[in-house]
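Please open the model in your viewer and keep the sequence at hand. The tour goes from one selection to the next and says what is found at each stop.

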Amino acid sequence: MNIEKYIKAVYRAVTNKDYRFLILSSLGLYDNMDDESYLRRKYKACMGKELNLDSPKTFNEKLQWLKLHDRKPEYTMMVDKYAVRKYIADTIGEEYLIPLLGVWDNTDYIDFDALPNQFVLKCNHDSGGLVVCKDKNKLDFNFAKNKLVRCLKRNYYWSGREWPYKDIKPKIIAEKYMEDNITHELIDYKFMCFNGVVKCGFTCSERFTDSGLKVTFFDKDWNVMPFERHYPVSKNPPKKPINYDKMIQFSEQLSKGIPFVRVDFYEINGQLYFGELTFYPGGGFEEFTPEEWDYKLGDFLKLKND
């Protein structure tokens, strides 16, 4: 950060209490705040309005309510990127898992010589702890290790009070590097499951383009939906995947009995692979444009008190 940007950031932190809260909370200075108070404060800082927990109406509000009131112990296993593999294998089949190359408790145990030339390292307990190696001869091993060490020390629970992550034992896993031969990227197909039924979904594409990530929502019939959530819609929306019907089937199977969960898949060279399960997309802090869609998706999500 150059000096001008630093001065602007400091000025904003001094004059804007919401921005100041986000900065200080990222440093752990609000870790002693109870979950409900913290969520109310962060929601106000991120969304610009008060959080209604007594009678939540929007999708984002209902995600915050679920963090506080829907706490089934099995959710911790379901968000653990390593532990969930057995659950997926037992539920829909091992053939839908990206091949595992290794698992370790810390970076000192990683045997890079034993890994293939291409691989992916990630942490099981967070978001963003990812090292993609396309050529081991060009990998900066120190950078990779340092990134993973930082991620291992991070408890993902604190930033958004997503409680399923709180008690995961951090690990590093290595998976096979996967790439589609046609698109040369991995498109995420993410299905929004409301009370065990897929109502809509979205794709994440163009992550590594100059213009950045595109998030495009589709209805169940694969029609583009007329809104954005935090990220722009792709001008060239991904085509309907070959395994779409199976994605729907598995999503509803995996989400049975759960008020809301997002089920993610990849389609690589015509083969279907499981990605992850997510209970609180964007932490429940990502805006809809137009805002009415926050309410429309909220109507899909039926809570105990609805």
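## Stop one: a helix and its cover

Select helix H2 (17-26), helix H4 (59-69) and helix H8 (157-160), which are among the elements that cover the buried residues of H3; helices here are DSSP runs of H or I with at least four residues, strands are runs of E with at least two, and both are numbered from the N terminus. This is a predicted model, in which local features need pLDDT of at least 70 and side-chain atom pairs count only at pLDDT 80 or more, while totals for chains, interfaces and linings use all residues. Residues are numbered from 1 along each chain as its sequence is written, and side-chain values use heavy atoms, with hydrogens and water left out.

Now select H3 itself, whose 13 residues reach 17 Å from the first C-alpha to the last, close to the 18 Å expected at 1.5 Å a residue (that is, 1.5 Å times one less than the number of residues). Colour Asp35, Tyr38, Leu39, Lys42, Tyr43, Ala45 and Met47, the buried residues of H3, where buried means under 20% relative accessible area with a 1.4 Å probe and protein chains only. Looking down the axis of H3, you find these buried residues within an arc of 165°, so they line one face of the helix; the arc is that of the directions from the helix axis to the C-beta atoms.

## Stop two: Tyr38

Within H3 (residues 35-47), centre on Tyr38, which counts as buried because its relative accessibility is 2%. Leaving aside neighbours within four places in sequence, Tyr38 is in contact with Phe21, Ser25, Tyr30, Met33, Trp158, Ser159, Gly160 and Arg161, contact meaning heavy atoms within 4.5 Å.

## Stop three: the open sheet

Next, show the open sheet of 5 strands, ordered E7-E6-E5-E9-E10 with antiparallel pairing; two strands pair if DSSP finds at least two bridges between them. Strand E7 (214-219) and strand E10 (271-278) stand at the edges with a single partner strand each, so one side of each has no neighbour in the sheet. Zoom in on strand E6 (residues 197-205), which 6 bridges join to the antiparallel E7, and pick Ser205, whose bridge partner in E7 is Lys214.

## Stop four: the largest core

Finally, select Phe59, Met192, Phe265 and Leu297, the residues with the most contacts inside the largest nonpolar core, which has 64 residues. Such a core is a set of buried Ala, Val, Leu, Ile, Met, Phe, Trp, Tyr and Cys residues joined through side-chain atoms within 4.5 Å.

Note on methods
Buried < 20%, exposed > 50% of the residue type's maximum accessible area, 1.4 Å probe, protein only.
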